[in-house]
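The sequence and the structure come next.

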Amino acid sequence: MTSPTIETERLLLRRWKAQDLQPYAALCADPEVMRWIGNGATQSAEHCATAIAGFEANWHDRGFGLFAVALRDTGRFIGFVGFMSPTFLPEVLPAVEIGWRLARGAWGRGLATEGAKAALRFGLEEIGLERVICIVQTGNLASEQIALKLGMRLERETVDPSCKRPLRVYETV
């Protein structure tokens, strides 16, 4: 399945392009962006290239995945939003997680919420997902607020087995 292109008021959610690697690698090299991801470590350009290939493979293999997100007015890549299987947290499987990661320059303007709402609508209405979760490290108040704005509710508190950081799992209701 090829992913659709979704337009919102300010965003374009689309397939990944070769030119997304450099800005995605820059985003993942920013310690502030990565602060609440796994153990907080930044990621190399090589890791990002492998990740993008995996994002694309998910669309083919599972019928859903992560959208590259660009600003509609400029076409500038700012991050991702979409769906993945949270294999790092076996206790919630099988589950589909919605997630997002935006460059720091895109924070604080409601862009993650705007993109996540569009992606969630696509997942529930177009793909037919019955339940979507959102996993947030405890203390990441910005992402917790987005989960709440998506209409999700706290389902459980747990710990990331890979790095022992506390997590909150939200779910659609």
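## Salt bridges

At 9% relative accessibility, glutamate 171 counts as buried, where buried means under 20% relative accessible area, exposed over 50% and partly exposed in between (1.4 Å probe, protein chains only). The model is a predicted one, in which local features need pLDDT of at least 70 and side-chain atom pairs count only at pLDDT 80 or more, while totals for chains, interfaces and linings use all residues. Residues are numbered from 1 along each chain as its sequence is written, and side-chain values use heavy atoms, with hydrogens and water left out.

The side chain of glutamate 171 meets that of arginine 131 in a salt bridge, at 2.9 Å from N to O; the term denotes a side-chain nitrogen of Lys or Arg within 4 Å of a carboxyl oxygen of Asp or Glu. Glutamate 171 belongs to strand 8 (residues 166-171) and arginine 131 to the loop between helix 4 and strand 6, so the pair ties together parts that are 40 residues apart in sequence. Helices (H or I, at least four residues) and strands (E, at least two) are DSSP runs, numbered from the N terminus. Arginine 131, at 33% relative accessibility, counts as partly exposed. Salt bridges that share partners also join Glu91, Glu155 and Arg156 into one network.

The count of salt bridges comes to 11. One of them links glutamate 114 to arginine 10, with the closest N and O atoms 2.7 Å apart. Since glutamate 114 lies in helix 4 and arginine 10 in the loop between strand 1 (6-7) and strand 2, this pair ties together parts that are 104 residues apart in sequence. Glutamate 114 is buried at 14% relative accessibility, whereas arginine 10 is partly exposed at 31%. Arginine 15 and glutamate 56 form another salt bridge, at 2.4 Å from N to O. Arginine 15 sits in the loop between strand 2 and helix 1 and glutamate 56 in helix 3, so the pair ties together parts that are 41 residues apart in sequence. Arginine 15 is partly exposed, with a relative accessible area of 29%.

## Aromatic pairs

The structure holds 11 aromatic pairs. Rings of Phe, Tyr and Trp (its six-membered ring) pair if their centres lie within 6.5 Å; planes under 30 degrees apart count as stacked, over 60 as edge-to-face and the rest as tilted. Tryptophan 16 and phenylalanine 77 form a tilted pair, 5.5 Å centre to centre with 55° between the planes. Tryptophan 16 lies in the loop between strand 2 (11-14) and helix 1 (21-28), and phenylalanine 77 in strand 4, so the pair ties together parts that are 61 residues apart in sequence. Both tryptophan 16 and phenylalanine 77 are buried.

Phenylalanine 64 and phenylalanine 83 form an edge-to-face pair, 6.4 Å centre to centre with 85° between the planes. Phenylalanine 64 comes from the loop between helix 3 and strand 3 (66-71) and phenylalanine 83 from strand 4, so the pair ties together parts that are 19 residues apart in sequence. Phenylalanine 64 and phenylalanine 83 are both buried.

## Strand pairing

Strand 1 and strand 2 pair in the antiparallel sense over 2 bridges; strands pair if DSSP finds at least two bridges between them. These two strands form a hairpin with 3 residues between them, and glutamate 7 has leucine 12 in strand 2 as its bridge partner. Strand 2 also runs antiparallel to strand 3, to which 4 bridges join it. Arginine 14 stands opposite alanine 68 in strand 3.

## Pocket and cavity

The largest pocket holds about 1400 Å³ of space. Of the 50 residues that line this pocket, the closest to its centre are Trp36, Ile37, Phe80, Trp100 and Arg101. On a 1 Å grid over the protein atoms alone, a cavity is a set of points where a 1.4 Å probe fits but cannot get out, and a pocket is an open set with protein on both sides within 12 Å along at least five of seven lines; lining residues have an atom within 4 Å of a point. Grid points are joined across faces, edges and corners, and a volume is the space filled by probe spheres set on the points. The pocket lining has 25 nonpolar, 18 polar and 7 charged residues, with Ala, Val, Leu, Ile, Met, Phe, Trp, Tyr, Cys and Pro counted as nonpolar, Asp, Glu, Lys and Arg as charged, and the others, Gly among them, as polar.

A search of the whole structure finds 1 cavity of 30 Å³ or more. The residues lining the largest cavity include Phe80, Val81, Trp100 and Leu102. Helix 4 gives the largest share of this lining, 4 residues. By class, the cavity lining has 9 nonpolar, 1 polar and no charged residues.
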